Structure formats: structure tokens, C-alpha cells
Amino acid sequence: MAGDYKGDYQELVDEISELLGLPATLENRDFELIAFGAYDSEGDLDPSALDPVRARSILTRRSTAAVRAWFEGFGITRASGPVRIPPTREAGVYRGRICLPVRHRGVVLGYVWLLDSEPGPTDRQLDAAMRVTARIGALLADEAQHGADLSRELRAVLTAERGWQSDMAVAALRTALGSRGDGPYTVVCVAPWPSADPDDAPSARTIPHATALCAVPWGTSAQSLAVLVRLRTTDTLTPATSTAVRLLERARGVEGGGGAHGEPGSGGRGGGEPRAGGSGASKGRGPSEGRAGRSDDSAAGGTGSSGDRPESGDIPGPVQGTQGTQGTARGTTASGTTGGTAPAGNTRDTAAAQRTVAAGVAAARVGLAELAPAWQEASAAARAALAEPRLGPIAEWSRIGPYRLLTALPPETAHDPAVRPLLSPAHRELARTAEVYLDCAGQAGRTAAELGIHRQTLYYRLSRVEQLTGLDLDDGEDRLLLHMALKRARL
């Protein structure tokens with residue numbers, strides 16, 4: 001049974017660096033970075049001294065197709081010994097390279113890259129380094145066989161029906177992992193993965209802390225990535241969030257999964273946006289902001305005929321004022337970014353529309369017996385992060401609040417009959433107003449400020465919500481039903 005591959009690779013690359021007195025990097029045959037030998041000689045590791053290709057590759061950790069094709073043009077895929085590649089400034093290669101092909105039983109599995117220098121390593125030194133690459137090749141071959149099994153076994157665990165099939169899949173994965181299967185673990189879900197082809201999933205060895213990785217169906221035509229992450233303790237999920245950050249970077253085009261010659265990128269960082277205040281408990285409006293306020297609205301706006309008026313009209317005349325008009329305009333613009341029947345509107349919805357991929361992290365567990373429930377938690381957290389921007393882009397199951405329950409509901413419960421009329425496209429602004437009002441624990445002042453509207457406009461909209469739904473927003477259970485239905489609609 002293979003041990004800690006990442007640690008083994010690092011030791012072998014460090015050995016080559018010491019043999020040759022040069023910094024070395026190890027890539028797989030897809031030019032994804034596996035290990036970097038930290039040998040510091042004459043400023044070789046000073047970023048200002050690196051040529052553009054190498055400097056960018058250390059940051060982005062993966063090569064583009066153009067860079068890969070350029071290096072392969074020197075015959076490295078066919079070579080069995082060191083290949084010297086001259087500096088070529090127009091290609092961004094300011095310093096020459098020495099490539100040591102990593103082979104096992106005649107098949108190239110990766111490359112060790114060295115920065116050439118004067119006078120450079122001797123033939124004897126290079127021969128010694130090639131003997132080390134043979135050991136790397138054997139390790140890569142062993143992991144390739146082992147890693148494929150882990151992907152299959154992990155997928156079997158996460159997709160098996162409950163019962164004996166699930167038990168057998170867990171047993172097979174535990175056997176493949178050996179003693180490594182007894183420690184603390186969690187599961188990360190990244191969804192939806194940009195490629196619908198399961199074979200496009202990255203290699204687990206290029207992702208930090210990943211023990212196994214596989215693609216799992218997400219909906220009817222998309223894929224998600226499931227990652228089994230080994231933790232140091234059950235008290236911290238930091239390794240899992242690091243894994244999620246790397247995968248989100250790759251999903252967003254940053255190419256953050258490995259390589260030593262790659263192109264630069266910038267993109268999503270983990271941790272998400274600041275968490276907003278929770279959707280507080282039902283809290284009735286006082287006399288100054290309760291039904292008396294809405295009676296005034298009725299007098300000003302004429303609720304008797306409002307059913308035939310567009311929601312953007314709200315209350316005409318001086319009661320609404322300039323502030324209310326601006327707030328409605330902002331809401332209309334934002335609501336255009338929200339599709340379907342989900343509550344439309346504010347900046348939270350705009351961010352949700354812009355977010356195309358998110359990650360969820362399950363609670364930590366010891367051993368493999370509960371991997372299937374952990375996957376459900378991770379995928380639920382990813383769904384919540386996609387629906388509610390304040391939770392993402394990386395959401396932990398323990399922190400998604402009511403979405404722990406909402407994501408477990410069957411699809412047929414998506415729209416409660418009383419709330420369904422409010423979720424129609426014609427009433428998006430009312431749905432947004434109701435959701436923000438409930439998020440603000442029924443506090444009219446906070447709600448009006450967040451929406452950028454006058455309080456009287458808010459009261460008018462809330463009266464329209466009650467007319468459409470038949471719910472009483474002064475009743476705690478009606479508020480709870482409406483709030484949960486609006487959150488459920490986001491999913």
C-alpha cells in the first residue's frame with residue numbers, strides 16, 4: 001500500500017536539487033505541478049530573477065496548451081535522457097532548461113525541470129539524477145493505479161443506494177486507503193463543475209490535502225466534484241477550505257491546480273463575502289410601524305385598485321418621494337439579474353447571478369462510515385452558497401442556517417400554494433421586499449434603509465404581499481412560512 005505520495009515526491013525532488021545544486025520542479029505529463037525543490041542558489045528562487053514563463057508558472061501552477069506544445073516540440077515526450085532547451089526570449093523563456101523525463105516501463109509519466117546554468121551539471125550528476133527520476137516514475141505509476149481505484153471507489157460510495165451496496169463500497173474504499181482510512185475526514189463539493197465530462201476532473205495529487213477526487217452528477221446534465229479531504233483534527237476545516245479555494249480557482253479559469261510553466265491568472269479567493277445578519281425571529285411591528293402605517297398607505301395609494309397596477313408604481317405622489325423612486329429603480333435593475341421564480345432584486349441577488357460555481361464543506365468525521373451523509377452535507381452547502389451569496393463562495397454545512405433543512409426538502413415542496421402567486425415574475429419586487437423585511441426581523445426602518453425606499457412605500461408593498469398570499473405578517477407562523485418559502489425558492 002502506497003503511503004503519503006506528496007511527501008515522497010517532495011523528498012525525491014529535494015534529492016535531485018541537492019545532487020545538481022539547482023532548483024527542480026516535478027510535473028506530471030499534463031504539466032501540472034506536483035512538487036517544487038526549494039534549493040536556493042545564487043538567487044535562483046528570487047522572483048525578479050525568473051523568466052516570465054517560470055515566474056507565472058510558480059504562481060498559477062499549470063501550463064497553457066501553447067506553453068506545453070512549445071516544450072514538447074523539443075522531443076521531451078520521446079526522450080529517455082536529459083533534454084536541454086535553449087533560452088528563447090520571444091517565448092518568454094529567458095533561461096535555458098534541462099528536462100529530465102520521468103518514465104516507468106517505457107511510458108513517460110512526468111518531467112523534472114531544472115534551470116540550466118554555467119557550467120551546469122556534469123553528465124555524471126545528470127546520470128545520478130536520472131536514477132532518482134526512475135524512482136519517481138515507479139511512484140507515479142503506483143499512484144496512477146492506486147488513484148484510479150480511489151476515484152472509482154469514492155464515486156461508488158457517494159452514488160450507491162443505502163444498504164448493502166453502500167456498505168460494500170465503503171469497505172472497498174477503506175481497503176484501498178488502509179490505515180489512512182481511520183483518521184479524520186471531510187468531504188468537499190464544488191458545483192457545478194465547468195465541464196460536463198467526468199473524465200475532465202483534475203488529478204487528486206495536484207490538489208492540496210485531497211485523498212481522493214471524483215466527478216458526481218449534478219442535476220440532469222452537469223457534474224460536480226467530490227473531494228475526500230484528510231484533516232489533521234476534527235476541530236478545524238482549514239485543509240478542506242484550502243482544497244475548495246484551489247478548485248474554485250481552477251473552475252474560474254485561474255488554472256490553479258498544478259504546473260511549473262503555466263500562465264498567470266487572478267480570480268476567486270476563498271472565504272466568501274462577509275456574513276449578513278441572520279433572518280431573525282418573527283418580530284411584530286409596533287403601533288408606529290404596524291397596521292396604522294399601512295392604513296395611511298391605503299389612503300394615499302388606493303389599495304382597492306392596486307391589483308391591476310405594476311409593482312414598480314408603488315405609491316404615487318409625495319408620500320413615496322424621491323428616495324422611494326430611486327429605491328424602486330435600483331430594485332428593478334437588480335431584479336433583472338435573477339432568473340426563474342427566485343426572489344429578485346438587491347445586491348445579494350446580483351452576486352448570486354454572477355456566481356456560477358461554489359463549494360460546500362461537510363462537517364468533520366472520523367473514519368469512512370458516514371461519507372454518504374457527509375456528501376449530502378457538502379452538496380447542500382454548495383447549493384446554499386449558490387443561492388445565498390452571503391454564505392459563499394465557500395460554505396460550511398454548520399453555517400448555512402435554515403438551508404440545512406431547506407436543502408433536504410423534496411423538489412415537489414419547492415413552492416407552497418399560499419406563496420406561489422408571490423413568486424411569479426410579475427411580483428419579483430414584492431418577493432424581494434418581503435424577503436429583506438423578514439431577513440431584518442420585521443424591522444421596518446432597517447428594511448427601508450436596505451431597500452432604499454420610504455417606510456410608507458414599504459408598508460404598501462407589505463400590504464400587497466398579504467393580499468397576494470393571504471398571510472398575516474403580524475403572525476409568527478405566517479412569517480415563518482413565508483420566509484422559508486422565499487428561501488426555498490432561491491434553491
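## Aromatic cluster and nonpolar cores

In this predicted model, one aromatic cluster is formed by Phe31, Trp70, Phe71, Phe74, Tyr111 and Trp113.

**Exercise 1.** Classify the pair of Phe31 and Tyr111 from its ring geometry.

*Solution.* 
- Take the distance. The ring centres lie 5.6 Å apart, and rings pair if their centres lie within 6.5 Å.
- Take the angle. The planes stand at 65°, and over 60 degrees counts as edge-to-face.
- Conclude. The pair of Phe31 and Tyr111 is therefore edge-to-face.

**Exercise 2.** Find what the pair of Phe31 and Tyr111 ties together.

*Solution.* 

**Exercise 3.** Decide whether Phe31 is buried or exposed.

*Solution.* 
- Read the value. The relative accessible area of Phe31 is 0%.
- Apply the cut-off. Buried means under 20%, so Phe31 is buried.
- At 1%, Tyr111 is buried.
- Tyr111 and Trp113 form a tilted pair, 6.1 Å centre to centre with 50° between the planes.

**Exercise 4.** Describe the largest nonpolar core.

*Solution.* 
- Start with the total. This core has 38 residues.
- Name residues that touch the most other members. Among them are Leu154, Leu228 and Leu371.
- Find the top contributor. Helix α10 (371–387) is one of the elements giving two or more residues, and α10 gives the most, with ten residues.
- Look elsewhere. A second, separate core of 24 residues includes Leu430, Tyr437, Leu473 and Leu482.

How values were computed:
Residues numbered from 1 in each chain as written. Predicted model: local features only at pLDDT ≥ 70, side-chain atom pairs only at ≥ 80, totals over all residues. Heavy atoms only, no water. Core = buried A, V, L, I, M, F, W, Y, C linked by side-chain atoms within 4.5 Å. Buried < 20%, exposed > 50% of the residue type's maximum accessible area, 1.4 Å probe, protein only. Helix = DSSP H or I, 4+ residues; strand = E, 2+ residues; numbered from the N terminus. Phe/Tyr/Trp six-rings, centres within 6.5 Å; stacked < 30°, edge-to-face > 60°.
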